[in-house]
Amino acid sequence: MCEVTVLVVNRCYKKTEASGLGAICVYSAEHREAYLNKVGSLKLKVEFEGLLVPILRFDSWLCLALTASVSDEETSSLCSFASESTTSQTFWTERPPGSYSLKVQNLAQLIGEKYHTRGFLVNGYNWRLIIYPKGNEKDNGSGYISMYVEIDSTSEVFAYLTFFVYNKKVNKYLCIQDTQVKRFNALKKVWGSSQMLPLELFNDPKNGYIFEEDQCEFGVDVTIDSTLTNWEIVSFNENFCYSKFFFSVKNFTMLNEHLYYMSNTFSVGGKTWVLRFYRKCFSTLDDKWISIFLHLADNERLLPDERIYTRGHFRVLDPCGSNHITEKFNCWHDQSNSGCGHDKVVSMDKLREVYLDEDDTLSVAIEFEVISATSYSPINYSAII
């Protein structure tokens, strides 16, 4: 086992040390002025025997408890890091990068502020890994290794990024992983981490990031976030150019009892409709009642799972007065086109007595209050069927 040393740096750059197999540093309210900066951040260095972990910052807290159990045979025990960024997390992993790896030999001979890899393919998009071995000063990366990925596309792509730096000493990769998705598009083709790893830690061979005569390894995982491909938008429309329609059926009592009479087609809500009049009750074939139903016209074909909502009312009109019969309808229409309406709108006796005029004509009105309209994402229905 080896000891852990916690170095706490106060605002005057004086260090306080606590060491042991478990080190606990407690900061009460009177220590805030000395150890916390203006935004309430506490700066730490955690030092294992022979391995210095990057500076950590902990925001807005007064008590830190750190424990570690590290063996001489395996100094790569899991470490939990707190990142200065609230949109990323830092951790160790034995798994190598899955999207692209860059191994550099003779790093000291790399001249220039950055290095671009060749393109690599992830989910049909071409990407490049960009390394700033001396930090990207333009992105507040001075004093750090800076790492980015660039997409070679103007399409909008959402991706999670994980950057890797190999440590030979612990035989693991130090990783910074996004916790928030990055939005790549024509206006923003590059995303990354300007402060991946402090150069003072990276450049010191005893820390394990540079090994075997100036070699090092970087990598990245690009994970494409699934975009929205299946959706629907439904609206319930109340305002129509024409919402009321009138129909007349002549010689109604002479109609064949076993057939139905269909009105002329009419359009409302972007669809074509018809009314069906039944001389006998539709469900019971009782000749004492008439039935009226609303259907989509024959030329209207709904897609599988497509539905249209309608609400309104029928009226059987009184030819001699205002004693109209009103029946409401409220239903969803689907591919079966079974329609909606009422089996027993009015009895034949009442119809003959009040609602047929001298020419044996039945007059009916329909008025729509609401019709739905739905748009859908494209779907391969042949694959479903």
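Predicted model: local features only at pLDDT ≥ 70, side-chain atom pairs only at ≥ 80, totals over all residues.
1. E300 sits in a loop that runs between strand 23 (289-296) and strand 24 (308-316). Its relative accessible area is 15%, so E300 counts as buried, the limit being under 20%.

2. Leaving aside residues up to four places away in sequence, E300 touches G270, K271 and T272.

3. The model holds 20 aromatic pairs. One of them joins F164 and Y173 in an edge-to-face arrangement, with 5.8 Å centre to centre and 80° between the planes. F164 is buried because its relative accessibility is 0%, and Y173 is buried because its value is 8%.

4. A tilted aromatic pair is formed by F247 and F266, with 5.3 Å centre to centre and 45° between the planes. F247 belongs to strand 19 (residues 244-249) and F266 to strand 21 (residues 266-268), so this pair ties together parts that are 19 residues apart in sequence. Both F247 and F266 are buried.

5. F247 and F266 also belong to a cluster linked by ring pairs.

6. K188 lies over the face of W191, at 4.5 Å from the ring centre. R307 lies over the face of W332, and here the distance from the ring centre is 4.3 Å.

Definitions and conventions: Residues numbered from 1 in each chain as written. Heavy atoms only, no water. Helix = DSSP H or I, 4+ residues; strand = E, 2+ residues; numbered from the N terminus. Buried < 20%, exposed > 50% of the residue type's maximum accessible area, 1.4 Å probe, protein only. Contact = heavy atoms within 4.5 Å. Phe/Tyr/Trp six-rings, centres within 6.5 Å; stacked < 30°, edge-to-face > 60°. Lys NZ or Arg CZ within 6 Å of the ring centre and 35° of its normal.
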